[in-house]
Amino acid sequence: LSTSLSAQGNDKGERIDEMRSQKWKFLCENAKLSASEIAQIQPIFVQYEKQMWEQHKQNRDFFKKSFGKNKGVKPDYSALNDRYIDMEVNQSQLLKAYHFQLRKLVLPETLYRFYKAERDFKRKLLQGMPDHSKHKGHK
């Protein structure tokens, strides 16, 4: 899984689309979705994923700017902390809206399998990530 997610192509958008495609395939297979369920869930899944990636991009840009300006001057950690919590709350709100849309379309058992497949996908991604702390002298 991790090898296939190192996405071909140099464009970041292409890599994100490739990862989303790999994730969708994994979810469909592991949640054992029927063709009908796939057709119902996919547009909502794609919309949710795009919203989450957009939010990640906005927050990444904010954090980069906060640390990139005025070298030698500490960033406003209070603003950074507030932004982090706002991000978590916004992601929770997106997840809740996503859940309410999906639960109208499929049976609770199917939705449970779908969510479990999402957790499994994340776990596999994390297991495939290199441990960067070994390379930086951190323990």
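Residues are numbered from 1 along each chain as its sequence is written. Because the model is predicted, local features need pLDDT of at least 70 and side-chain atom pairs count only at pLDDT 80 or more, while totals for chains, interfaces and linings use all residues; side-chain values use heavy atoms, with hydrogens and water left out.

The chain contains four helices and zero strands, and its pattern along the sequence is α-α-α-α. Helices (H or I, at least four residues) and strands (E, at least two) are DSSP runs, numbered from the N terminus. Of the 139 residues in the chain, 27% are buried. Buried stands for under 20% relative accessible area and exposed for over 50%, with partly exposed in between (1.4 Å probe, protein chains only). The chain exposes about 10000 Å², and carbon and sulfur atoms supply 54% of that area; accessible areas come from the Shrake-Rupley method with a 1.4 Å probe, and for residues only the protein chains shown count as cover. Among contacts with a separation of 6 or more, 61% join residues 24 or more positions apart, a contact being heavy atoms within 4.5 Å.

The largest nonpolar core has 20 residues, of which Trp24, Leu33, Ile41, Phe45, Tyr98, Leu102 and Phe114 touch the most other members. Helix H1 (12-30), H2, H3 and H4 each give two or more residues to this core. Such a core is a set of buried Ala, Val, Leu, Ile, Met, Phe, Trp, Tyr and Cys residues joined through side-chain atoms within 4.5 Å. Leu33 touches Trp24, Cys28, Ile38, Ile41, Thr110 and Phe114, when residues up to four places away in sequence are not counted.

Lys32 has a positive phi of about 55° although it is not a glycine. Most residues other than glycine have a negative phi. With a relative accessible area of 63%, Lys32 is exposed.

Helix H2 (35-68) has 34 residues and reaches 48 Å from its first C-alpha to its last, close to the 50 Å expected at 1.5 Å a residue. The expected span is 1.5 Å times one less than the number of residues in the helix. A kink of about 35° lies at Ile41, shortly before the proline Pro43; the bend at a residue is the angle between axes fitted to the seven residues ending there and the seven starting there. Buried residues of H2 include Ile41, Ile44, Phe45, Tyr48, Glu49 and Met52, and the buried residues of this helix pack against H1, H3 and H4. Glu49 counts as buried because its relative accessibility is 7%. Leaving aside neighbours within four places in sequence, Glu49 is in contact with Arg20, Lys23 and Glu118.

Helix H3 (residues 77-103) has 27 residues and reaches 39 Å between its first and last C-alpha, close to the 39 Å expected. Asp76 caps the N-terminal end of H3, with a side-chain oxygen 3.2 Å from the backbone nitrogen of Ser78. The buried residues of H3 are Leu80, Met87, Gln91, Leu94, Tyr98 and Leu102, and they pack against H2 and helix H4 (108-128). Leu80 counts as buried because its relative accessibility is 5%. Not counting residues up to four places away in sequence, Leu80 touches Phe62, Phe63, Ser66, Phe67 and Pro75. The C-alpha atoms of Leu80 and Asn59 are separated by 9.8 Å, and these residues are 21 apart along the chain.

Helix H4 has 21 residues and reaches 30 Å from its first C-alpha to its last, close to the 30 Å expected. Its buried residues are Thr110, Leu111, Phe114, Tyr115, Ala117, Glu118, Asp120 and Phe121. The buried residues of H4 pack against H1, H2 and H3.

Methods:
A polar contact is a pair of N or O atoms within 3.5 Å; within protein, one must be able to donate a hydrogen and the other to accept it, and residues adjacent in sequence count only if both atoms are side-chain atoms.
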